[in-house]
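Please look at the sequence and the 3D structure together, and keep both in view while reading the report that follows.

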Amino acid sequence: MQKVKGTYDVLPNESHKWLFLEKHIHMMMKKHQVDYVRTPVFEYFDVFHRQTEASDMVTKETYDFEDRSGRKMTLRPEGTAGVIRSIVENKLITPNQILKTYYLGANYRYERPQKGRYREFYQTGVEFIGEKNALLDAEIIQIAYEIVHTLGIQEVVVKLNHLGNTDTRLKYQNALKSFLVPLKDQLSEDSKMRLESNPLRILDSKVSSDQAILINAPVLKEFLTDTDQAYFKSVIKILEQYHIPYEIDEKLVRGLDYYSHVVFEIQANIDGFGSQNALGGGGRYDDLVAELGGPNVSGIGFALGLERLIIAAELQGISFEEDELHHVAVLHMDHESKNQAYHIYKKLLNEGIHVTFDFSNKAFKTQLKHALFHQYAYAIIIGKDEIDTNTVQIKNLVTQTQEVVSMKDIMTYLNK
Ligand code: HAM
């Protein structure tokens with residue numbers, strides 16, 4: 001038996017990275033007073049396959065299936081649509097209030113697997129629903145950046161663009177199409193197809209000949225209304241005030257069709273990272289909440305890819321280790337002292353000490369060797385003499401000094 005293509009196992013020797021990262025994310029969200037939500041991994045097909053959502057991700061990459069009663073289902077390819085479905089269904093949107101939620105979980109996309117791209121992958125994301133306001137756009141971008149930055153990941157930049165409103169995009173799309181149709185034969189196969197289905201996506205084609213053609217293409221910026229331009233400037237001003245490194249990227253359109261106005265990606269320029277260098281991305285959506293049956297309110301959000309955060313951190317030598325206060329091994333000298341050693345182990349465990357105990361019947365010397373090998377700070381040693389005198393021996397494994405400590409004073413000794 002083998003794992004499914006595009007999936008991976010988190011093994012015991014690396015699981016600490018995941019736990020560290022998830023804890024970091026929950027801490028950051030708490031700091032920003034964003035509330036956790038958890039929605040199902042599968043939803044009815046229509047939640048993701050909406051009329052207006054014609055992105056490649058939704059049309060070609062979703063895992064769709066029928067359940068045993070013949071209902072059409074989809075494994076979530078992203079978090080946003082399911083979270084909005086839940087917010088609307090549970091009537092959580094109240095006028096004049098911003099609803100702030102975040103989520104963390106697995107998503108499924110039938111993509112070609114490569115480094116940083118999987119068929120099952122984890123995202124954490126935030127959605128702010130309820131108002132359109134440049135401060136909120138800037139706040140969302142800052143939270144996304146801060147999560148990455150506070151992990152210690154360097155060499156990241158926020159790429160920003162403004163897609164305008166629906167009308168602007170339609171006008172621009174027509175202009176782009178008129179420009180590209182006479183050059184259709186020179187476009188890559190993918191771009192030829194997109195010319196019909198989604199011309200804007202041609203802008204972020206990775207094929208250099210497509211990019212050469214686009215040099216003279218009309219630019220989206222020139223189609224933006226004055227209001228949109230002013231809004232974009234306000235967002236940028238706030239980012240500058242808070243020293244968020246950004247670059248305007250007029251070709252950034254993003255892969256999902258629900259965006260309008262401000263969109264962004266956090267990209268890593270780290271050596272060895274490979275082509276999948278977007279650590280996360282997001283943007284504003286004006287129509288999604290209404291499309292999913294909710295009131296006519298705007299939202300903005302982002303999602304970060306957890307695998308990519310781990311890859312980026314590893315490439316930069318970030319260890320994801322917690323600072324443990326004490327590493328203690330409780331060792332028993334003989335079989336008769338094992339029970340008492342176990343009691344001490346349980347007591348320290350309850351005190352929150354990072355402690356191990358040998359459940360097998362290894363000889364004392366082997367237990368000690370093991371503690372030294374794993375670079376524990378202390379060994380608490382217990383044998384018949386210690387049980388008789390209600391004491392333990394505490395050996396400092398770094399200095400190799402040893403002291404007799406009364407059983408009741410173990411915690412005081414370790415805290416000292
Ligand atoms: P997205 O750009 O499709 O946006 O995904 C966000 C991030 O998820 C990517 O930047 C990447 O780090 C990670 N990711 C995506 N696909 C894969 C994959 N196949 N393997 C590994 N990592 C992957 C969204 O999903 C939007 N829902 C974000 C959003 C929230 N927009 C508004 N609110």
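The largest share of the shell around the ligand, 7 residues, is supplied by strand β10. The elements giving two or more residues to this shell are β6 (120–129), β10 (278–285) and β11 (299–305), where helices (H or I, at least four residues) and strands (E, at least two) are DSSP runs numbered from the N terminus. The model is predicted, so that local features need pLDDT of at least 70 and side-chain atom pairs count only at pLDDT 80 or more, while totals for chains, interfaces and linings use all residues. Residues are numbered from 1 along each chain as its sequence is written, and side-chain values use heavy atoms, with hydrogens and water left out.

Around the ligand there are 27 residues, of which E78, T80, E111, Y118 and Y259 come nearest; a residue is near a molecule or strand if one of its heavy atoms lies within 4 Å of it. The shell divides into 11 nonpolar, 9 polar and 7 charged residues, where Ala, Val, Leu, Ile, Met, Phe, Trp, Tyr, Cys and Pro count as nonpolar, Asp, Glu, Lys and Arg as charged, and the others, Gly among them, as polar.

| Side chain | Ligand atom | Distance |
|---|---|---|
| Q123 | oxygen | 3.0 Å |
| E127 | nitrogen | 2.9 Å |
| Y258 | nitrogen | 3.0 Å |

Taken alone, the ligand exposes 650 Å², and the protein buries 95% of that; accessible areas come from the Shrake-Rupley method with a 1.4 Å probe, and for residues only the protein chains shown count as cover.

In helix α7 (residues 189–197), S191, R194 and L195 are buried, where buried means under 20% relative accessible area, exposed over 50%, and partly exposed in between (1.4 Å probe, protein chains only). These three lie on the same side of α7 because they cover an arc of only 115° around the axis, the arc being that of the directions from the helix axis to the C-beta atoms. On the other side of α7, E189 and E196 are exposed.

Helix α5 (residues 134–150) contains E146, which is buried with a relative accessible area of 18%. The side chains of E146 and H32 are joined by a polar contact of 3.1 Å.

Key:
Polar contact = N/O pair within 3.5 Å; in protein donor to acceptor, adjacent residues only side chain to side chain.
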